[in-house]
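Please keep the model open while you read.

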Amino acid sequence: MPLPRRPDTTRLYDFNSYWRVHAGNFSTIPQYFKENGYVTMSVGKVFHPGISSNYSDDSPYSWSMPPYHPSSEKYENTKTCRGPDGELHANLLCPVDVADVPEGTLPDKQSTEQAIRLLEKTKTSARPFFLAVGYHKPHIPFRYPKEFQKLYPLENITLAPDPQVPAGLPSVAYNPWMDIRQREDVQALNLSVPYGPIPVDFQRKIRQSYFASVSYLDTQVGHLLSALDDFQLANSTIVAFVSDHGWALGEHGEWAKYSNFDVTTRVPLMFYVPGRTAPLPEAGEKLFPYIDPFDSVLELTEPGRQVTDLVELLSLSPTLSGLAGLHVPPRCPIPSFHVERCREGQSLVKHFRFQDLEEDPYFRGNPRESIAYSQYPRPADSPQWNSDKPSLKDIKVMGYSIRTIDYRYTVWVGFNPHDFLANFSDVHAGELYFVDSDPLQDHNMYNDSQGRDLPRSLMP
């Protein structure tokens, strides 16, 4: 997400390579702000850890100071979940008593505390700041304060509306959620591979813990936004809230993120722009008062304006640049491996009804404006142990998908990992879902449409 380019441009299809070495010395969003005089700061999981960010969160290119990682994140996948047997396990479902876990805290709580400390320091600085805060939850394992379960009584938890693997789903499109299966509590279920299914009572527990993890995360965001009021920063700080992927909670019989379905590709994208999305707060007024989810009487807030247009996360870079008054980087040429700074997404500033910000003329009246692209690799046509996260060398098939207002269309085609080339003449399978009649994407109409070629104007 910090790179405003598509996977076929960055050539990043796994977590095993650093783009500056593997593809090109491409600029990131925070790097662009840093080069324009901003103090850029990273807290938590902003870049994916490991070699994919050079074991440094792309420091020093992207950040003005060393990135912060909470000390307790090293326990995320260890045996800290107390099971019914009284022993500690490395479980998928991990509601905890925070006082009993190592260090007596959780990573996202530490990240919020550090971010608030950084905000307090910036209020006396003359330089503008760019603060990226990456939260772990609701990523697996679902390790969260156990009191949040009370918000979602198990007897009120419903199953996914479409918990069965659709009859017309190509096998290449299915992901066997292998990382879920590695957790001790899921291993104890002795599930069949690749399709499961998971027992109904455990499905409800997974969904309960996911919802509870989201509410826990929501309180952390609430504390962080409230700090903007406390430090008188709310009238001068742009806020973007976004997630990097969705998550299947039993839809299509899947329990992970490794697909091209809406449930895994659709994410929240929210902006606060002072004086534009909400009036500037008056003296003493709180724009972001903290709302405790455990209060018996919750104060309702005025909802923001919702946009129904299809947009992509690639839009984050040009939109933030435009909102901050910076020059919006140019669109990437084809090919763009030699270009360090460009972007492949459209600016969304038009949605803020600005008269004084730079528009994106490329997208005026262009039919591509209403299309969102996604893609996912596979090592084989049938689900296997590495179907969810194949290494680059093992990728044999690439699923390219487009989402319009009316439909989702996906083709799974042959892919050469050595040349990074997709062969659209080698179609392994296809999917076509019509949104109005099939919003959950359960009825594949690809064969009924005889796999008609995609109009060239709709290709990425």
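1. **Overall make-up.** The protein chain has 9 helices and 12 strands. Its radius of gyration is 23 Å, close to the 23 Å that the globule rule gives for 460 residues, so the chain is as compact as a globular protein of that length. Bear in mind that this is a predicted model. Along the principal axes, the C-alpha atoms fill a box of roughly 65 × 60 × 40 Å.

2. Of the 460 residues in the protein chain, 52% are buried. The accessible surface comes to about 22600 Å². Carbon and sulfur atoms own 53% of that surface.

3. **Contacts along the chain.** Residues 24 or more positions apart account for 68% of them.

4. **Charges.** The protein chain carries 43 positive and 56 negative side chains. The centres of the two sets lie 4 Å apart. A search of the whole structure finds 11 salt bridges.

5. **Arg-143 and Glu-76.** These two side chains form a salt bridge, with the closest N and O atoms 2.7 Å apart. The pair links distant parts of the chain, 67 residues apart. Arg-143 sits in strand E6 (residues 142-145). Glu-76 sits in the loop between strand E1 (39-44) and strand E2 (81-82). Are the two partners buried or exposed? Both Arg-143 and Glu-76 are buried.

6. **Asp-262 and its arginines.** Which residues form salt bridges with Asp-262? One is Arg-403, with the closest N and O atoms 2.8 Å apart. Arg-408 lies in strand E11 (residues 407-416), 146 residues from Asp-262. Arg-408 is buried too.

7. **Val-267.** Move on to the loop between helix H8 (262-265) and strand E8 (269-272), where Val-267 has its place. The C-alpha atoms of Val-267 and Gly-246 are separated by 5.7 Å, although the two residues are 21 residues apart along the chain. Leaving out residues up to four places away in sequence, Val-267 touches Ser-243, Asp-244, His-245, Gly-246 and Leu-313.

8. **Helix H9.** How many residues of helix H9 (residues 316-323) are buried? The count is 8 of its 8 residues. Among them are Leu-316, Pro-318, Leu-320 and Leu-323. The cover over these buried residues includes H3, strand E5 (129-134), strand E7 (239-242) and E8. Just after H9, Gly-325 takes a positive phi of about 85°.

9. **Gln-31.** Helix H3 (residues 29-35), part of the cover in point 8, holds Gln-31. Why is Gln-31 classed as buried? Its relative accessible area is 7%, and buried means under 20%. Setting aside neighbours within four places in sequence, Gln-31 is in contact with Arg-20, Phe-26, Tyr-61 and Ser-62.

10. **Backbone points to check.** Most residues other than glycine have a negative phi, and most peptide bonds are trans. Two cis bonds deserve a look. One joins Ile-140 and Pro-141, with omega about -5°. Pro-141 lies in the loop between E5 and E6. The other joins Gly-196 and Pro-197, also with omega about -5°. Pro-197 lies in the loop between helix H6 (184-187) and helix H7 (200-230).

11. Tyr-55 has a phi near 55°, a positive value in a residue other than glycine. Its place is in the loop between E1 and E2. Asn-190 has a positive phi of about 55° and is not a glycine either. Asn-190 lies in the loop between H6 and H7. Are these residues buried or exposed? Tyr-55 is exposed, with a relative accessible area of 66%. Asn-190 is exposed as well, at 69%.

Notes: Residues are numbered from 1 along each chain as its sequence is written. This is a predicted model: local features need pLDDT of at least 70, side-chain atom pairs count only at pLDDT 80 or more; totals for chains, interfaces and linings use all residues. Side-chain values use heavy atoms; hydrogens and water are left out. Helices (H or I, at least four residues) and strands (E, at least two) are DSSP runs, numbered from the N terminus. Buried means under 20% relative accessible area, exposed over 50%, partly exposed in between (1.4 Å probe, protein chains only). Contact means heavy atoms within 4.5 Å. The radius of gyration is taken over C-alpha atoms; the globule rule is 2.2 Å times the number of residues to the power 0.38. Accessible areas come from the Shrake-Rupley method with a 1.4 Å probe; for residues, only the protein chains shown count as cover. Lys and Arg count as positive and Asp and Glu as negative; His and the chain ends are not counted. The place of a charge is taken as NZ of Lys, CZ of Arg, CG of Asp or CD of Glu. A salt bridge is a side-chain nitrogen of Lys or Arg within 4 Å of a carboxyl oxygen of Asp or Glu.
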